[in-house]
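I opened my notebook to go through this structure step by step. Here is what I looked up, in the order I looked it up.

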Amino acid sequence: MKTTFEDRLLVELREEIERREAVPVPAVRRRLFTGRRLVLAAATCAAAGLAVVLAPGTPAESPAYAVERHADGTVTLTVKDQDIDVEAQRELARKLSPNGIETDVQILRPGYVCKGDPVIWARTPQGERAPLLVLQWNRKITLHRGNVLVFVNRNDRELPYRVYVYPTEADVEPCVPVKPKPNRS
Amino acid sequence: MDGIRGGPRAAARDPQLFEEFYRRHVEAMTSFLARRVADPHTVADLTAEIFLAVLDSADTYRPGRGSETAWLYGIARNVVSSERRRVARETVRDRRISGRRLLEPDDIARLEDKLDAESPGRRALAALERLPAGERAVLELVAVDQLTVAEAAAALDITKVAARVRLHRARKSLREEADPAGVDPRGTSLSYVIEGTGGEA
């Protein structure tokens, strides 16, 4: 009897279940990001004339991050320097891909943030109001096969202000770009 | 009754139960995709992605938050969104199961027929692009994918009341936008969306 695409896909999915059952993978059920670091980066620093404030980092010659692979298939990503640009993020994506970890590098248009991102309003030396973004990073992140690592970058592409890990692709929350507005003056 | 015995969690560990789950939903999922993408190869790839995501996230299903169908549509929406982001950035995805590799000429012809059959749905979805994202999401699931309001609410992880409000606003916006003479200059099926047969919880 002739099989269809749906039949052949089912065969592969059944084999995938059997593979997983043979080698149990630790369950990851929650967003791995657990806290917000109160380090601020200017959302529109060029226009606002504000400096980006960074946490103390390692010397410039050190790599921005370390990737450590473990026997159980997990990967530990240790961030040494938050100043990891888009190109370095893409390079990291290539390194993580063989471990079944997908990396999504998002770049926002100038002046936009993702809906729901915490924004703090400050005043520039000229007295203008300017949004500051809270950097949302973990120093050490454990990644499992199937996890999706999402970098959200401002348009300058120099520094992600948010790095989240989602257990699976199905859990990834889309970034809805919005222009931040102060509540009141 | 909507769900299978033991729910998605059991299905993700038992090939026999998974087959039951898969056979129950695969047709609806390929139709869902055929309303959102325009070529059979992408339909095949994303069908594989959806069911792999089911295996990955079966532990996240909570019966109290909605039916198995609603949960699956929530996954399908995320897979399609992720694909659109990927295409927008022209990034390459390392697919664990390549759906298109499993396609044979007969499958492609059959999926192309399905894509043709779903073209009014694709035009209707295109007509919704100007709606706010939250309203559009509810209207898509209810009017185009024929979910109930309760299922759409569960798929989007919002309350039924919020879903009804968004649905009402979306339909109102589209009615106001529709050509009073009944001629749609874009050739879209706005009436199909405004009067969608779904929508009852």
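**Entry 1: ground rules.** Before looking at sheets I wrote down that two strands pair if DSSP finds at least two bridges between them. I also noted that helices (H or I, at least four residues) and strands (E, at least two) are DSSP runs, numbered from the N terminus. The model is predicted, so local features need pLDDT of at least 70 and side-chain atom pairs count only at pLDDT 80 or more, while totals for chains, interfaces and linings use all residues. Residues are numbered from 1 along each chain as its sequence is written, and chains are lettered from A and ligands numbered from 1 in the order in which they are written.

Entry 2: I started with strand S2 (residues 65-69) and strand S3 (residues 75-79) of chain A, which pair in the antiparallel sense over five bridges. I picked out Glu68(A), and its bridge partner in S3(A) is Thr76(A). Val67(A) stands opposite Leu77(A) in S3(A). S2(A) and S3(A) form a hairpin with five residues between them, and Gly73(A) in the turn has a positive phi of about 95°.

Entry 3: Together they give an open sheet of three strands in the order S2-S3-S8 (chain A), with antiparallel pairing. S2 and S8 of chain A each have a single partner strand and stand at the edges, so one side of each is left without a neighbour in the sheet. The twist averages 15° from one strand to the next. A reminder to myself: strands of a sheet pair through backbone hydrogen bonds, either parallel or antiparallel.

**Entry 4: another sheet in chain A.** Which strands make up the open sheet with mixed pairing? I read the order as S4-S9-S10 (chain A), three strands. S4 and strand S10 (160-166) of chain A are the edge strands, each pairing on one side only. S4(A) and strand S9 (residues 148-153) of chain A run parallel and are joined by six bridges. One pair I checked is Asp104(A), with Val150(A) as its bridge partner in S9(A). Helix H3 (residues 86-96) of chain A lies across S4, S9 and S10 of chain A, at about 165° to S4(A). That angle is between N-to-C directions, on a scale from 0 to 180 degrees, with axes as lines fitted to C-alpha atoms, for helices over the stretch in contact.

Entry 5: Is Ile107(A), with 15 other C-beta atoms within 10 Å, buried or partly exposed? The rule says buried for 20 or more other C-beta atoms within 10 Å, exposed for 12 or fewer, and partly exposed in between, with C-beta atoms placed from the backbone. Ile107(A) has 15 such atoms, so it is partly exposed. Ile107(A) sits in strand S4 of chain A. Ile107(A) and Val152(A) are 45 residues apart in sequence, yet 6.0 Å apart in space, C-alpha to C-alpha.

**Entry 6: chain B.** Next I turned to chain B, which has ten helices and zero strands. Of its 201 residues, 42% count as buried.

**Entry 7: nonpolar cores.** A nonpolar core is a set of buried Ala, Val, Leu, Ile, Met, Phe, Trp, Tyr and Cys residues joined through C-beta atoms within 7 Å. The largest has 60 residues, and Ile50(B), Ile75(B), Val138(B), Val142(B) and Ala152(B) have the most contacts inside it. Helix H3 (residues 40-57) of chain B gives the most to this core, with nine residues. Domain 1 (1-117) and domain 2 (119-201) of chain B both give residues to this core, so it lies between them. Those domain bounds come from an automatic or database domain assignment. Apart from this core lies another, of 23 residues, including Leu92(A) and Val163(A).

**Entry 8: where the chains meet.** Two residues are in contact if their C-beta atoms, placed from the backbone, lie within 7 Å. By that rule, 29 residues of chain A are in contact with 32 residues of chain B. H1(A) gives the most to the side of chain A that touches chain B, with 13 residues.
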